[in-house]
Amino acid sequence: MNVAFVYDGGNADGTKGGAELAMEEFAATCPASVAITDVDEAEVVVVGNCVTIHPEIIDRFDGKRVVRFHHDLARYEHPVLLEWLDENAEHVFTSPLHKERYKVAWTTANKMRDWPIIPPCPELSRFKPNRETRRHGKRQGTVTVGTWQNPGKGGTLIAETLEAEGQVADCFGTGVYAPQGPHIRFMGEVEPGALPQILWQYERFMFLPTAVEPFGRCVAEAWRAGCEIVTNGYVGAKWWIENQPDKLDSCAEDFWGLICEG
């Protein structure tokens with residue numbers, strides 16, 4: 001089977017958000033029976049975030065199965081492309097919270113369909129502490145990690161919560177909306193490959209968005225790293241952790257099962 005992925009290329013500064021990483025991770029876990037190709041050669045097209053994609057691509061979807069993997073709540077795509085996808089694509093969401101919140105703005109017939117829910121597939125196995133770390137590692141303090149690109153990430157609420165607790169947290173990441181104040185030690189950007197070792201040092205992970213985070217990979221990663229999670233009901237990953245944690249390990253298999261068997 002030939003499968004193509006269509007999605008935005010990342011941020012203006014060259015960094016990649018969770019939406020782009022999710023597409024790359026799904027593509028990297030494809031089974032041997034699948035070839036990743038371009039749209040023209042594909043039988044199935046997976047569409048991720050597509051704000052920068054021109055609607056002329058619709059002509060290239062003709063005769064193909066199109067699966068829209070939603071990662072965010074935003075609907076900033078070109079209106080023509082957005083309408084076509086809403087009406088013609090199959091839709092996959094990252095959490096029950098995500099699916100229900102997206103429907104608020106969905107006015108097409110597809111609103112009534114029982115579309116599947118599959119979380120993204122970050123490589124959580126690398127976040128699980130090894131035996132040496134579990135035996136001899138010492139955890140202490142609170143950490144928060146984010147891209148902090150909008151106020152909905154909750155930087156202000158994190159700072160206020162820490163102040164009320166009289167606690168201090170180390171903050172990793174970049175962005176003008178990072179937590180600020182005397183209860184924050186700003187640690188700067190962290191390389192993705194170094195994140196597991198950083199999380200293993202901390203007892204608590206705090207993430208308190210003020211807007212819906214359909215999934216929130218940082219929460220899933222910190223949970224697998226063994227941190228106590230301090231979060232709220234705006235985080236989709238919280239549902240998986242509390243209800244079906246095993247699905248966070250089988251998400252790649254579940255995704256490709258949907259693509260290959262649908």
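1. Strand S9 (residues 204–206) and strand S10 pair in parallel, over three bridges; two strands pair if DSSP finds at least two bridges between them. Arg 204 stands opposite Glu 228 in S10. Helices (H or I, at least four residues) and strands (E, at least two) are DSSP runs, numbered from the N terminus.

2. On the source: this is a predicted model, in which local features need pLDDT of at least 70 and side-chain atom pairs count only at pLDDT 80 or more, while totals for chains, interfaces and linings use all residues. Residues are numbered from 1 along each chain as its sequence is written, and side-chain values use heavy atoms, with hydrogens and water left out.

3. S9 and S10 belong to an open sheet of five strands, ordered S8-S7-S6-S9-S10, with parallel pairing. Its edge strands, S8 (184–188) and S10, each pair on one side only. Neighbouring strands are turned by 30° against each other on average, direction ignored. Helix H5 (residues 155–165) lies across S6 (142–146), S7 (169–173), S8 and S9, and runs at about 135° to S9. Axes here are lines fitted to C-alpha atoms, for helices over the stretch in contact, and angles run from 0 to 180 degrees between N-to-C directions.

4. Ile 229 sits in S10 (residues 228–230). With a relative accessible area of 26%, Ile 229 is partly exposed (buried is under 20%, exposed over 50%, partly exposed in between; 1.4 Å probe, protein chains only). Leaving aside neighbours within four places in sequence, Ile 229 is in contact (heavy atoms within 4.5 Å) with Phe 205, Val 219, Ala 222 and Trp 223.

5. In helix H8 (residues 236–243), the buried residues are Gly 236, Ala 237, Trp 240 and Ile 241. Seen down the axis of H8, they fall within an arc of 140°, so they line one face of the helix; the arc is that of the directions from the helix axis to the C-beta atoms. Their cover includes helices H3 (96–103), H7 (217–224) and H9 (247–261).

6. The structure holds nine aromatic pairs. Rings of Phe, Tyr and Trp (its six-membered ring) pair if their centres lie within 6.5 Å; planes under 30 degrees apart count as stacked, over 60 as edge-to-face and the rest as tilted. The rings of Phe 61 and Trp 84 have centres 5.4 Å apart and planes at 40°, so this pair is tilted. Phe 61 is buried at 2% relative accessibility, whereas Trp 84 is partly exposed at 22%.
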